[in-house]
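Here's a quick briefing to read alongside the picture. Take a look at the sequence and the fold first, then work through the points below.

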Amino acid sequence: MKAYTWKIVALAFVLTACKSTPTDLSHTANPTSKQETAAEHAVGEKDDGRAYKIYGAYLSNRQVYFDYNSDTLNPKYKNLIAVHAKYLLNHPQSKISLQGHSDERGTPEYNKDLGMRRAVAVKNAFAAQGVKNAQLETLSYGNEFASRDCPDEHCHKIDRRVDISYGVK
């Protein structure tokens, strides 16, 4: 009985610890203008071509990945950035932090610089969508959070990214 109780407590803890994004998406359920409807359709595909039915599905995806030793933004992230940009344009009080990361290869100084170049590349993509500079913050962690115990290519791919983080003051 005691083990069963601890399992329930652990499950409750895990469920309450899961972070969700407080996002008001009520304006997307029934667009009020042709422009909103067109924008929703323009960014309404997953990378594999299947249609998204919910505007907020892209908002939950907050990583932009990069190739090895590159700060060039892959065109497959166009839709992801467009949806986040649409949200920021509709919520001018919202701000995001673009946090650049790199894998563990290279010097700490180089990786810090590469992480910043990646964050700036994503920032420029947001600016091209009309998002104001005041809503965008860039920073680089370099390889500070790289997967140290996993030196294979799969882990390196995950480390080469920019995280989009909401809630910046």
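Does Y141 count as buried, partly exposed or exposed? Y141 has 26% relative accessibility, so it counts as partly exposed. Buried would need under 20%, and exposed over 50%. Keep in mind that you're looking at a predicted model.

**Aromatic pairs**
- Searching the whole structure turns up two aromatic pairs.
- One of them joins Y87 and Y166 edge-to-face, with 5.6 Å from centre to centre and 80 degrees between the planes.
- Y87 sits in helix 5 (residues 78–90) and Y166 in strand 4 (residues 161–166), so this pair ties together parts that are 79 residues apart in sequence.
- Both Y87 and Y166 are buried.
- Y141 and F145 also pair up: their ring centres are 5.1 Å apart and their planes are at 75 degrees, so that pair is edge-to-face too.
- F145 comes out at 48% relative accessibility, so it counts as partly exposed.

**Helix 6**
- Helix 6 covers residues 108–128, which makes 21 residues.
- From its first C-alpha to its last, helix 6 reaches 30 Å, close to the 30 Å expected at 1.5 Å a residue.
- Its buried residues include L114, R118, V122 and F126.
- Here's a handy rule: an α-helix has 3.6 residues a turn, so residues three or four places apart point the same way.
- What do the buried residues of helix 6 pack against? Their neighbours are strand 1 (63–65), helix 5, strand 2 (96–101), strand 3 (136–142) and strand 4.
- After helix 6 comes G130, which has a positive phi, near 100 degrees.

- You'll find G106 in the loop between strand 2 and helix 6.
- Leaving out residues up to four places away in sequence, G106 touches N111 and N143.
- N111 is also one of the buried residues of helix 6.
- G106 and G142 are 36 residues apart in sequence, and their C-alphas are 9.9 Å apart in space.

**Strand 4 and its partners**
- Of the six residues in strand 4, five are buried, so the strand is largely enclosed by the rest of the structure.
- Strand 4 pairs with strand 1 in the antiparallel sense, over three bridges.
- Y65 has R161 of strand 4 as its bridge partner.
- Strand 2 and strand 4 run antiparallel as well, joined by five bridges.
- For G100, the bridge partner in strand 4 is V162.

Technical notes:
Residues numbered from 1 in each chain as written. Predicted model: local features only at pLDDT ≥ 70, side-chain atom pairs only at ≥ 80, totals over all residues. Heavy atoms only, no water. Phe/Tyr/Trp six-rings, centres within 6.5 Å; stacked < 30°, edge-to-face > 60°. Helix = DSSP H or I, 4+ residues; strand = E, 2+ residues; numbered from the N terminus. Buried < 20%, exposed > 50% of the residue type's maximum accessible area, 1.4 Å probe, protein only. Expected span 1.5 Å × (residues − 1). Contact = heavy atoms within 4.5 Å. Pairing = 2+ DSSP bridges.
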